[in-house]
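I am keeping these notes as I look up one structure piece by piece. The entries follow the order in which I asked my questions.

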Amino acid sequence: MKTLPVVLLGVLIWLKAQAALGDIVLFNGTSSAGKSSLAEATVLESRTKFEVMSRDGYWPPYQEELRAAQLKGEKLDLYPLALYRYAKEESELGKNIILDTVEFDQDYDKFCAVLDCAKVTKVIIYCPLQGLLKRIEKRNNAGVPSNRRPVLLPFRQFLEMYKPQSSTKELVVDKTTTSVMRVALVEAGKKAENSKQYEALYQEYVKAFRIDTDQPVIIVPKGKYDLVLNTRANTKKENVRLLEVYMQTRR
C-alpha cells in the first residue's frame, strides 16, 4: 500500500480541520437592546446547535485565569480581547458560538483582527431609542440590583454604534425622524440622575444626528455588519428565522 506524499497528507489534514470549524455569530448592540434574550431564543429555536458566550459570563473564569497567570509571572490578553480569542478557539474545536457582546465598535478593527471577522456573521441587535428607555426602566425595576444599568448608558452606546446614512451602500438599521429621537432622549433625561451628563449627551446627539431640527433620518452602523435584527419590530422567533435564512445564504 502506497503512502500519501507528505504535502498531500498535510493538505488533507488542513481541509478536515477547516470542515470542522464551527460558526461564530456576533451579537452586538446597546445595553437593553435584547441581545441576551435573543441569544437564548436562538439556542432553543435554531436548527443549528449553538453555545452562548457573553462578556458577563466569561468574566469569572477570566479572573481565575488572570490570577493563575500572575502567580506564574505570565500575562493574559486584556479583557475583552481574551474573550474574543477564546471564542475563536472554541469555534476551531467545532463549536458554534453566539458571541453576546457590547461596545464592539470601540475598537472594531482590533477586535475583528482577533476574531477573523471575514468568517464571522456580524449581527446588530437593534432597538430604537424609545424602546431602549422602556426596557431599561423595566430592567431597573425588576428588583435585581446586579442587573440595574444607568438610564443614559444605552443612549451613550447608541452614539458609539450608529450614525446618519452618508452612502446608499451602507447597511440600513432604521428609518425614523429626529423628532422621535429627540422625544426619547428628553424623556430619558428626566429620569437620569446626572443632569450635566444628560446635557452633554444631548449636545452630542445634536452634533451627530441634528436632533435640534425636524427631519427624516436613516440610521446606519459605524462598523461593518452583515445583518440587522430589530427586537422592537420582530418577535424572537421571527429574528431567529431571519438569522437562519441569512446564514444559509452565507454558507
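Entry 1: I began with Arg149 and Asp56, whose side chains meet in a salt bridge with N and O 3.9 Å apart; a salt bridge here is a side-chain nitrogen of Lys or Arg within 4 Å of a carboxyl oxygen of Asp or Glu. Arg149 sits in the loop between α6 (129-140) and α7 (153-161) while Asp56 belongs to helix α3 (residues 55-71), so this pair ties together parts that are 93 residues apart in sequence. I noted Asp56 as exposed, at 60% relative accessibility, where buried means under 20% relative accessible area, exposed over 50% and partly exposed in between (1.4 Å probe, protein chains only).

**Entry 2: what I am reading.** I remind myself that this is a predicted model, in which local features need pLDDT of at least 70 and side-chain atom pairs count only at pLDDT 80 or more, whereas totals for chains, interfaces and linings use all residues. Residues are numbered from 1 along each chain as its sequence is written, and side-chain values use heavy atoms, with hydrogens and water left out.

Entry 3: How many salt bridges does a search of the whole structure find? I wrote down 16. One of them joins Arg67 to Glu64, at 2.4 Å from N to O, and these two residues are three apart in helix α3, about one helical turn. Arg67 is partly exposed at 43%, and Glu64 is partly exposed at 47%.

I then looked up Lys191, which forms a salt bridge with Glu137, the closest N and O atoms being 3.1 Å apart. This pair links distant parts of the chain, since Lys191 is in helix α8 (residues 178-191) and Glu137 in helix α6, 54 residues apart. Lys191 is partly exposed at 36%, as is Glu137 at 26%. I also found a network of salt bridges that links Glu45, Arg47, Arg241 and Glu244.

**Entry 4: two helices side by side.** Helices and strands are DSSP runs numbered from the N terminus (H or I, at least four residues, for helices; E, at least two, for strands). I saw that α8 packs against helix α9 (residues 195-209) at about 170°, with the axes 10 Å apart; axes are lines fitted to C-alpha atoms, for helices over the stretch in contact, and angles run from 0 to 180 degrees between N-to-C directions. The two helices are therefore roughly antiparallel, a label for angles over 145 degrees. Where they are in contact (heavy atoms within 4.5 Å), the residues of α8 include Met181 and Leu185, and those of α9 include Tyr198 and Phe209.

**Entry 5: the sheet.** In which order do the strands of the open sheet lie? I read five strands in the order β2-β3-β1-β4-β8, with parallel pairing. The edge strands, each pairing on one side only, are β2 (51-54) and β8 (227-230); two strands pair if DSSP finds at least two bridges between them. The twist averages 25° from one strand to the next. Strand β4 (residues 120-126) is joined to β8 by four bridges, and Val123 has Leu227 as its bridge partner in β8. Helix α4 (residues 81-92) lies across β1 (24-28), β2 and β3 (97-101), running at about 170° to β3.

Conventions:
Angles under 35 degrees count as roughly parallel, over 145 as roughly antiparallel, 65 to 115 as roughly perpendicular and the rest as oblique.
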